[in-house]
Amino acid sequence: GSVPEPYAIFSHAPLGDQTSYYTHEPTYEHILQIQESSSPSDASIMSRLPPLIQRFCHIAHEDGFRLAWIGLCCIDDEARTEQVYARYSWYLHAGTCYVLIPEARSTSSPSERTAQLLGSQWFSLTRTLQELLVPGEVRFLSSDFEFLGSRQSLAQDIEKWTGIDSDVLTLRTQLEDVPVSHKMSWASLRTESKEEDMAYWLMG
């Protein structure tokens, strides 16, 4: 259905144990169980969510969002392929995409943080191309959820690392105006373990 107001969206590469907010990979089934065992007015539901989701929701709420979408617990694995293809729309219409970069430490120097950000696994995956390029705003967060910079503020550094033109990153050039050959060249530098995730980028 239609979304009545702007929402935040969350993106990350596989986390492992790289962030203290990570305990286990929450799933669609896990979140559904929490919802089904709680009433709509249950104020304690947030405390029952994994720390990773709690922290993201807190950041989004501080930035004025009341709604949030998190792929790792909003996609039902039983219908994964169909819902993966629908992710493009979710990222396209998001108010802000928050990207967790667990390799980046807020205690590092600015130059070190930029190197940690660009050298992260997130920048090596094919599926994250859409998550980088499609939302109107992208904000990068460190392992402890501190703000590292935005797609716009880091456009020059991202261009040097990925080859994606800074005009595309800053939305001066629309993604639909970029030749398919350029998009394919960006994807050729990245990897993906699941065929549907590769198709997810190419469909966009």
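What does the accessible surface of the chain come to, and what percentage of it belongs to carbon and sulfur atoms? After that, please look closely at helix α9 and say which of its residues are buried.

Reply: This is a predicted model, and the accessible surface of its chain comes to about 10,400 Å², with 51% of that surface belonging to carbon and sulfur atoms. The chain has 10 helices and five strands, and buried residues make up 44% of its 204 residues. Among the contacts in the chain with a separation of 6 or more, 65% are accounted for by residues 24 or more positions apart.

Turning to α9, which spans residues 180-188, its buried residues are Lys183, Trp186 and Ala187. These residues lie on the same side of α9, because the arc they cover around the axis is only 100 degrees. The face of α9 turned away from that buried side carries Ser181 and Ser188, both of which are exposed.

Ser120 counts as buried because its relative accessibility is 3%, where the cut-off for buried is under 20%. Leaving aside residues up to four places away in sequence, Ser120 touches Ile101 and Glu103.

Methods
Residues numbered from 1 in each chain as written. Predicted model: local features only at pLDDT ≥ 70, side-chain atom pairs only at ≥ 80, totals over all residues. Heavy atoms only, no water. Helix = DSSP H or I, 4+ residues; strand = E, 2+ residues; numbered from the N terminus. Buried < 20%, exposed > 50% of the residue type's maximum accessible area, 1.4 Å probe, protein only. Contact = heavy atoms within 4.5 Å. Areas by Shrake-Rupley, 256 points an atom, 1.4 Å probe, with all protein chains shown as cover. Arc of directions from axis to C-beta.
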